[in-house]
Amino acid sequence: MAVTNLTEPIFQSETRNSTLILSKFTPENITKKNIGLAAEFSLPENDPVRIFGLPKKMLLEFRILSKPCSVVRGVTVETKELLDNAKERSSLDMRVVLTGRSGCGKSYLLLQAVEYCKQNGWIVLYIPRATNLVNSTTPYVYDLRTQIYSQPTFAYQTLQRMLTVNRPTLDALELQTALVLEKQTVPAGTTLSALINIALKDKSKASCMVILETLLKELSEQTKYPVLVAVDEFQALYNKTMYRDPHFNTIAPYHLSMPRLLMEYASGRRSFAKGAFLGAVNDSDPMYPMPLELRDALQIEYMRPMSPYDKRSAGIAEYTKGLRALSVPEKLTLAEATSLFEIWMKDRALATVNPDTTFLSKYVESGGNPRDFVWKGILSTIEA
Amino acid sequence: MNVLRTSVHLLPATRLPRHAIQRAYATTARPFVPPAQLRDLDNPGPRRGDRQGGDREPRQRVKPPPESPSFYTSRPVYYDQIIQLEKAIGQVRGSLKTLQLLPLPAFARASLPPLHPVWKTQDEMTLDFETKMTTTRYRKVTKLLSQLNEYNRIARTAGCTELADGIDSIVSMFESGKKDAFLARGKRKVVILDEFGRSYTVGRRKTSSARVWMIPVRQEKKESPKAVAVEEELNMEELFGVERAAEPETVKMEQVKVTTSTILVNNLPLNEYFSVPADRERATRPFKVAGVLGAYNVFAIVRGGGTTGQSDALLQGIAKGLVAHEPELTTMFRRAKLTRRDPRMVERKKTGLAKARKRYTWVKR
């Protein structure tokens with residue numbers, strides 16, 4: 001029987017109203033009183049989540065849930081306060097990397113920061129999977145002018161997404177100096193959205209990288225709107241890439257245009273007049289583990305005894321200067337865990353006779369770790 | 001012996017044959033007296049170093065009488081003890097008869113509470129009695145002691161504490177030091193909490209073992225100030241004899257402070273040590289059955305075997321620890337088979353078989 005023939009109401013799961021009724025994730029809702037509040041992400045058409053995408057595990061979770069949502073945690077309020085302070089200051093002062101144990105909620109916190117900034121009128125550049133910049137999935141070509149390998153396709157996609165997400169603000173900003181390209185000269189006074197459209201019209205994508213760099217330069221000089229650059233899987237930028245040069249040598253990440261761009265903003269070589277840089281590390285992929293240089297810079301404990309004779313790349317270490325670590329707590333508090341449990345309960349993930357016992361037992365078993373609590377606790381349990 | 005020989009000589013010669021009268025090895029006609037016998041102990045001669053001579057007073061020596069009549073026997077301590085025990089039995093029997101506790105009817109004797117004695121071993125008694133305790137002697141002693149033990153049972157049940165204490169003082173001399181251990185054999189060792197209130201238990205499964213320390217989570221008690229104020233008000237009202245108007249009862253929702261258990265296995269949190277959810281659920285099962293999920297913190301060191309074996313060992317260790325903290329759970333856990341050590345072990349491989357049970361492929365020819 002074809003799917004279209006299933007007309008009975010029991011099969012119409014997508015149109016059925018969700019039992020999950022939650023408050024909205026708005027800047028006003030992020031307060032100390034609201035710690036433990038389950039908030040739903042309202043995703044309009046130009047939301048960063050829809051346009052830029054999501055990390056793999058979060059995408060899967062949002063597919064299972066009937067609505068994309070998260071819990072306001074204590075660390076969310078802390079990050080909000082940090083961002084509020086950074087609104088009027090240069091991004092040199094606010095280059096923060098979210099660190100913590102595996103599954104403690106770094107990617108979720110980064111997403112909450114991105115949503116908060118977007119709703120507060122910031123210009124947002126969100127890179128949910130930085131491994132895609134270094135794992136040789138996007139084309140690369142050697143650029144004689146800059147003497148590094150540029151990634152035109154990724155630059156093109158980034159420009160496209162930035163335009164979609166930040167169109168109103170980009171319409172309001174203008175180019176300060178004229179830009180000379182190969183085929184044309186873009187005069188001063190052009191809106192930044194028009195500038196991006198020039199790049200998008202170019203089929204060869206040759207000028208994408210130049211235009212992206214110019215765009216970011218303009219954004220870093222303007223003081224009307226603060227800019228947030230959020231990068232998930234941040235540690236991948238500091239590892240060896242999968243790219244090879246014509247002599248089959250590994251290309252260092254700072255010799256590729258996109259990683260280099262991000263690393264320069266991270267290390268403070270370039271900065272926004274108003275804005276912040278947020279990174280989140282990820283230890284799900286053993287191909288891109290946490291490198292030694294980042295561990296040194298962020299003062300994260302070593303997995304095994306380290307000595308000064310262990311190999312450290314000086315080039316990469318240069319790009320880790322000035323990074324600050326924000327440690328995400330490894331345990332959920334009871335209030336936060338209760339809220340998370342209730343989200344899944346309301347979404348009919350559990351058929352339990354005694355929800356209190358189930359909740360407390362899952363909390364104890366997972367030790368408060370959010371990912372284990374949801375995936376190995378709530379979703380994998382075989383007990384009533 | 002020599003006396004016998006000389007008497008042979010003194011018999012009439014006609015009776016004995018000639019070779020018997022005059023034997024080649026016969027020495028003298030006189031009996032042999034050892035020189036020590038000839039010494040006069042009461043009047044010893046002048047001492048070798050003594051030149052002065054003269055009259056000396058004969059030494060007065062009065063032999064002290066021996067302490068006990070069995071001094072001259074070969075086993076004085078043994079016989080003394082036997083005599084003492086028999087005397088004691090006699091006395092006790094007399095006392096019990098006076099108290100009309102003897103002879104005891106059969107139904108009363110059957111209803112006496114048990115009092116299992118554990119006497120010293122033969123070797124231990126050998127040291128005590130300073131003589132080799134053969135089986136016969138040991139049985140004799142233990143028979144007397146058992147008799148005393150029976151009287152002790154009767155006296156204690158009847159409430160004659162003085163008499164019973166007297167018997168105890170005698171009997172305790174012959175009781176083995178390993179009495180407690182012997183009587184407790186086969187029973188589960190009682191777990192005692194240490195000075196911080198921690199229990200230490202061990203759980204095992206296959207080749208894994210888990211050493212588990214459990215401590216109750218500290219509960220913070222807060223006294224609400226409102227309750228105190230209300231009480232004071234009431235007292236004032238009562239003092240002045242003013243009648244209070246009936247107030248509607250308000251149901252106050254008490255804020256329940258929820259505590260959580262932290263389980264550390266080999267110094268790692270439970271979710272880090274056991275990645276499989278089933279193993280984690282096994283560790284919390286005793287808490288769920290008992291209904292004390294957030295009440296205890298657990299620290300365990302597990303060793304040996306694989307993940308499942310270790311998690312089962314941890315389960316047993318936690319269950320035993322819970323029973324130590326709350327003895328009322330003993331029956332419930334025994335019925336839920338949580339404190340039971342699963343006896344299943346890996347079966348050995350047998351000769352002629354590929355594995356413990358697997359046979360080689362049967363070939364017709």
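This is a predicted model: local features need pLDDT of at least 70, side-chain atom pairs count only at pLDDT 80 or more; totals for chains, interfaces and linings use all residues.
Two residues are in contact here when they have heavy atoms within 4.5 Å of each other. Residues are numbered from 1 along each chain as its sequence is written, chains are lettered from A and ligands numbered from 1 in the order in which they are written, and side-chain values use heavy atoms, with hydrogens and water left out.

**Where the chains meet**

Chain B and chain A bury about 1,600 Å² between them, and carbon and sulfur atoms give 57% of that. Buried area is the accessible area (1.4 Å probe) that two parts lose on being put together, summed over both. B:Asn271, B:Glu281 and B:Leu293 supply 33% of what chain B buries against chain A, more than any other three residues.

The rule finds 4 salt bridges across the interface of chain B and chain A, a salt bridge being a side-chain nitrogen of Lys or Arg within 4 Å of a carboxyl oxygen of Asp or Glu. It also finds 7 residue pairs in polar contact, both residues at pLDDT 80 or more. A polar contact is a pair of N or O atoms within 3.5 Å; within protein, one must be able to donate a hydrogen and the other to accept it, and residues adjacent in sequence count only if both atoms are side-chain atoms. Helices (H or I, at least four residues) and strands (E, at least two) are DSSP runs, numbered from the N terminus.

**An arginine to look at**

B:Arg280 sits in helix H12 of chain B, which covers residues 277-290. Is B:Arg280 buried or exposed? With a relative accessible area of 3%, B:Arg280 is buried; buried means under 20%, exposed over 50%, and partly exposed in between (1.4 Å probe, protein chains only). Neighbours within four places in sequence aside, B:Arg280 is in contact with A:Glu365, A:Ser366, A:Asp372 and A:Lys376 from chain A, and with B:Leu270, B:Asn271, B:Phe274 and B:Ser275 from chain B. The side chain of B:Arg280 forms a salt bridge with that of A:Asp372 (3.5 Å, N to O).

**The chain A helix across the way**

Helix H13 of chain A runs over residues 355-366, 12 residues in all, and reaches 16 Å from its first C-alpha to its last, close to the 16 Å expected at 1.5 Å a residue. That expected span is 1.5 Å times one less than the number of residues. H13(A) is mostly covered, with 9 of its 12 residues buried; among them are A:Phe359, A:Leu360, A:Tyr363, A:Glu365 and A:Ser366. The cover over those buried residues includes helices H12 (334-346) and H14 (370-378) of chain A, plus strand E3 (263-265), helix H11 (270-273) and H12 of chain B. Just after H13(A), A:Gly367 takes a positive phi of about 65°.

Over all chains, the structure holds 32 salt bridges.

| Pair | N to O distance |
|---|---|
| A:Glu81 and A:Lys32 | 4.0 Å |
| A:Glu40 and A:Lys67 | 3.9 Å |
| A:Arg269 and A:Glu318 | 3.3 Å |

A:Arg269 lies in the loop between helix H9 (257-267) and strand E11 (275-280) of chain A and A:Glu318 in helix H11 (residues 314-318), so the pair ties together parts 49 residues apart in sequence. A:Arg269 is partly exposed at 45% relative accessibility, and A:Glu318 is partly exposed at 33%. A:Glu40 is buried, with a relative accessible area of 10%, whereas A:Lys67 is partly exposed at 21%.

**Chain B as a whole**

Chain B has 14 helices and 5 strands, and 28% of its 365 residues count as buried. Its domain assignment gives domain 1 (70-183) and domain 2 (188-217 + 258-346), with bounds that come from an automatic or database domain assignment. The C-alpha centres of these two domains of chain B lie 46 Å apart. Among contacts in chain B between residues at least 6 apart in sequence, 65% join residues at least 24 apart.
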